[in-house]
Amino acid sequence: MKNRVYLQLTQACNLRCKMCDFWKNDKEKFSENHFFNLIDILVDSWVKWITFWWWEPFLNPQIYDLIKYSKEKWLTTEIITNWVLINKIKISEVIKFLDNIIFSIDSWIPFVHETIRWRKNIFTSIISNLEHIVNLRDSIHPRLNINIDVTLQKDNYNNFETILEIVKKFHLKINFDPVQVIWYWNQKDWKWLLLSDEEVIKLEKKLFDLKKNNPVYVIQSLDSIKRIIFYFKWYKIENFCRSLNMDILVDSYWDVFKCWWKWEKMYNLFKEKKIINNKYKMDQTCYSCWFTHVREDDYFDWYSVTNDLFADYIYN
């Protein structure tokens, strides 16, 4: 039984990230009850966790009401966002209904982050919005988990550790993903985002040092970091995908997809009115994509990481 759903609230985005072409999609019109009805179906199918995500969920004007509604349905509620577009008044009203927030930030150097995202003058808004969320957490919702997700690539491999300053200051957590080499939506040649052999060596040392010295803040295991380096060296993945037993991916048209890389439509929830389990057999040996949560061994300890968890790790 898959009890975790990634729900795509829109197929539009406000940024123009180098590593993604999906922003070329047009913005959609949102019906009044569309996603609320979908959440009801998910709950009836025993879903326990919902993540509002790609491409930018705050482009959907219903997002604040959907956050509240999902929590009223007793769902663990998470959101993944670039955090440029939030309405501070509205987010203040619904922050208590969120369990996890994932900020997609690639550098704490304004020029680097804005270069990767191909948008000028957004960094000030990101800082302001992050500080606002942290203040809300500290004042009214201390159990809120805030995580920074960094996509490693040529533009930031040599400065990504600058983010640790803000992570420590605000008591956040951080994890890393390598830039994805192959995606169905991306038509560009990605070689210009990848690392040379010398750059991979430098990245490897930086990541292991960061983990060794900051085990509470860097929430990935050492094995996961080793796999990131392996990926940059060979553009291959050596451990199997855990998504098969965890996730279901639903787009904004209620279509359910096979996995994070093979975006093959399986069925439509509007027609089926329920999640169909085990109807479609998926290849557990798939090594095509890299998303931290499907490749990380200890993902379910993600938000309760302590120094003790890593006490027996040997740094090498």
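Two pieces of a structure are in contact when heavy atoms lie within 4.5 Å. With that in hand, welcome to this predicted model, in which local features need pLDDT of at least 70, side-chain atom pairs count only at pLDDT 80 or more, and totals for chains, interfaces and linings use all residues. Residues are numbered from 1 along each chain as its sequence is written, and side-chain values use heavy atoms, leaving out hydrogens and water.

Helices (H or I, at least four residues) and strands (E, at least two) are DSSP runs, numbered from the N terminus. In H1, the buried residues (under 20% relative accessible area, with a 1.4 Å probe and protein chains only) are Phe 35, Phe 36, Leu 38, Ile 39, Ile 41 and Leu 42. Their cover includes strands S1 (4-8), S2 (49-53) and S7 (247-250), along with H2 and helix H9 (269-272). Just after H1 comes Trp 46, with a positive phi of about 70°.

## H1 beside H2

Helix H1 (residues 34-44) packs against helix H2 (residues 63-72) at an angle of about 20°, their axes 10 Å apart. Axes here are lines fitted to C-alpha atoms, for helices over the stretch in contact, and angles run from 0 to 180 degrees between N-to-C directions. That makes H1 roughly parallel to H2 (an angle under 35 degrees).

On the H1 side, Phe 35, Phe 36, Ile 39 and Asp 40 make the contact, and they meet Asp 65, Leu 66, Tyr 69 and Ser 70 of H2.

## The two sides of H6

Which residues of helix H6 (residues 163-170) are buried? They are Ile 163, Leu 164, Ile 166, Val 167 and Phe 170. These residues sit on the same side of H6 because they cover an arc of only 165° around the axis, taken from the directions from the helix axis to the C-beta atoms.

On the face turned away from that buried side, H6 carries Glu 165 and Lys 169, which are exposed (over 50% relative accessible area). Helix H5 (123-140), strand S5 (145-152), strand S6 (173-178) and helix H7 (197-213) are among the elements covering the buried residues of H6. After H6 comes His 171, whose phi is positive, near 60°.

## H7 against H8

H7 and helix H8 (residues 222-234) have axes that come within 10 Å and cross at roughly 170°. That makes H7 roughly antiparallel to H8 (an angle over 145 degrees). Residues from H7 in this contact include Val 200, Leu 203 and Phe 208, while those from H8 include Leu 222, Ile 225 and Phe 232.

Technical notes:
Parallel < 35°, antiparallel > 145°, perpendicular 65-115°, else oblique.
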